[in-house]
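Thanks, everyone, for making the time this morning.

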Amino acid sequence: MAAPVPAQVVPAHTTLPLLIITGVRAVDPAQRLDAVVDVVMEGGSISRIGRGAATQDLLQSEQAMVVRGDGLLLLPAFIDMHAHLREPGQEYKEDIASGLAAAAAGGFAHVCAMPNTRPVNDTRAVTEAMIARARSVGGPALHPIGAITVGQRGQELTEMADLKEAGAVGVSDDGRCVTSSAVMRRALEYASTFDLAVIQHAEDHALTEGAQMHEGAISTRLGLRGWPRVAEDIIVARDVLLAEATGARYHVAHVSSLGAVRILREAKSRGISVTAEVTPHHLTLTDEAVIGYDAVCKVNPPLREQADVDALREALADGTIDVIATDHAPHSSLEKDCEFVEASPGMLGLELVVPVLLGLVRAGNLPLGRVVDALTRAPARVVGLDAPTLAQGARAELCLVDPEHRYRLDPSRLRSKSRNTPLLGRELCGQVCLTMAGGRIVFVDPLIEAQRSAPQAPGGAGS
Ligand SMILES: NC(=O)N[C@@H](CC(=O)O)C(=O)O
Ligand SMILES: [Zn+2]
Ligand SMILES: [Zn+2]
């Protein structure tokens with residue numbers, strides 16, 4: 001058979017003529033698939049998948065690159081419908097190239113970029129420039145989210161027809177809430193004529209002025225001004241009523257409170273067209289992380305209490321929350337290594353999704369199939385993309401994961417330009433080894449690939 005190829009000769013950003021992954025556990029909710037299979041990719045598409053799909057003929061082909069998949073997981077590549085790539089305007093924090101590199105390393109084939117750039121993405125010109133930049137970089141596909149209001153000032157609606165035509169897949173004023181009921185109503189009506197989801201950052205700013213963290217016992221103890229849950233709940237409740245009145249598609253970004261979960265559950269039970277997302281950090285961390293005043297844990301909406309975390313997990317499991325989105329929010333040491341009250345909110349997400357979520361799966365908090373669905377089909381529905389799948393005939397958009405690989409998160413391994421994650425130096429378990437997007441390899445982990453390429457024991461898979 002053809003020898004496994006070491007990482008340094010795996011050409012990133014190219015299509016391999018014949019790539020075979022043998023004996024891998026493939027999980028694809030779109031096909032209700034969870035089984036050990038071989039996967040054969042030819043010319044960037046999945047030509048065969050199933051037990052014994054890697055025939056001796058194929059394995060012995062001159063052109064074949066063979067990856068042994070034993071002990072690994074193969075998943076459809078992910079869609080992140082909520083990331084901040086900071087280009088244009090704040091390239092010292094992140095840019096489209098570094099953001100997409102981080103996404104590829106995290107297992108993503110598609111990234112939606114929020115419009116709170118400088119200038120704000122409220123025009124066709126900015127949307128087009130972002131897409132052109134991403135195309136020149138290669139890697140995962142970038143799909144801009146346009147602003148709801150001009151300059152994200154909450155007043156005048158953007159020209160959504162233009163934004164959509166240029167490639168925007170949704171609208172949001174993320175970072176700011178659309179607080180005016182009148183503006184939100186018109187935004188929902190207008191966006192629905194273009195079938196764009198309106199993505200709300202739910203925060204009643206009148207209730208969160210000067211807020212630094214979740215309002216509760218810990219904010220009192222730390223002497224920091226709090227953001228009460230009700231500031232989120234009020235907006236979600238109002239918007240659900242507006243969604244019902246307009247029939248428009250409404251999506252709540254980064255849900256963090258148990259009250260918002262309750263409102264969403266009731267809205268869905270009544271058939272209102274609402275969807276919602278949760279971040280990996282809101283699923284795993286509480287306001288206790290802020291004790292010690294480490295600004296790395298300052299994030300909007302704030303990390304809340306265990307009761308909220310439990311409600312979010314339950315809501316994700318039962319489908320009340322549809323999507324897992326990272327809210328990847330890179331900030332430099334300028335914005336983070338300072339007084340807590342001066343620091344900017346936000347933390348990294350793209351490269352940490354796999355270890356964080358596999359931790360929840362391993363602990364029995366969420367089924368793996370539901371997690372994969374929330375990272376693929378669910379966001380695809382909200383933003384109108386084709387979800388990556390492992391089905392025969394599909395374009396190869398997948399990620400190969402070593403679920404047992406343990407490592408300490410070293411800052412040097414992050415592709416992001418920023419370092420703002422509380423997981424630095426922590427022991428993690430679960431590593432993306434390979435990501436394909438648009439039929440091409442966009443990421444190979446050098447360390448893992450070198451290990452996997454070591455000579456096989458006789459009788460091993462694919463021999
Ligand atoms: N999540 C954050 O804390 N910050 C985001 C804005 C946002 O998502 O609201 C950012 O742009 O930095
Ligand atoms: Zn936000
Ligand atoms: Zn955001």
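This is a predicted model: local features need pLDDT of at least 70, side-chain atom pairs count only at pLDDT 80 or more; totals for chains, interfaces and linings use all residues.

If we set aside the neighbours within four places in sequence, L85 is in contact with E94, D95, I96, G99 and A113. L85 sits in the loop between β6 and α2, and it counts as buried because 31 C-beta neighbours lie inside 10 Å, where 20 or more are needed.

H84 is placed in the loop between β6 (78-83) and α2 (96-106), and H84 is also buried, with 25 C-beta neighbours inside 10 Å. Not counting residues up to four places away in sequence, H84 touches M114, N116, H328, A329 and P330.

That brings me to the ligand. Which residues are around ligand 1? They are H84, N116, D174, G175, H201, V299, N300, D327, A329, P345 and G346, and this shell divides into 3 nonpolar, 6 polar and 2 charged residues. For the record side, the UniProt annotation "binding site", which comes from an unreviewed entry, covers H84, L85, R86, N116, N300, H331, P345 and G346.

Finally, a residue from another part of the chain: is A125 buried or exposed? A125, which is found in helix α3 (residues 124-137), is exposed, because 12 other C-beta atoms lie within 10 Å and the cut-off for exposed is 12 or fewer. The C-alpha atoms of A125 and A166 are separated by 8.1 Å, although these residues are 41 residues apart along the chain.

Notes
Residues are numbered from 1 along each chain as its sequence is written. Chains are lettered from A and ligands numbered from 1 in the order in which they are written. Helices (H or I, at least four residues) and strands (E, at least two) are DSSP runs, numbered from the N terminus. A residue is near a molecule or strand if its C-beta atom, placed from the backbone, lies within 6 Å of it. Ala, Val, Leu, Ile, Met, Phe, Trp, Tyr, Cys and Pro count as nonpolar, Asp, Glu, Lys and Arg as charged, and the others, Gly among them, as polar. UniProt positions are given in the numbering used here, feature names are shortened, and annotations may be inferred rather than shown by experiment. Two residues are in contact if their C-beta atoms, placed from the backbone, lie within 7 Å.
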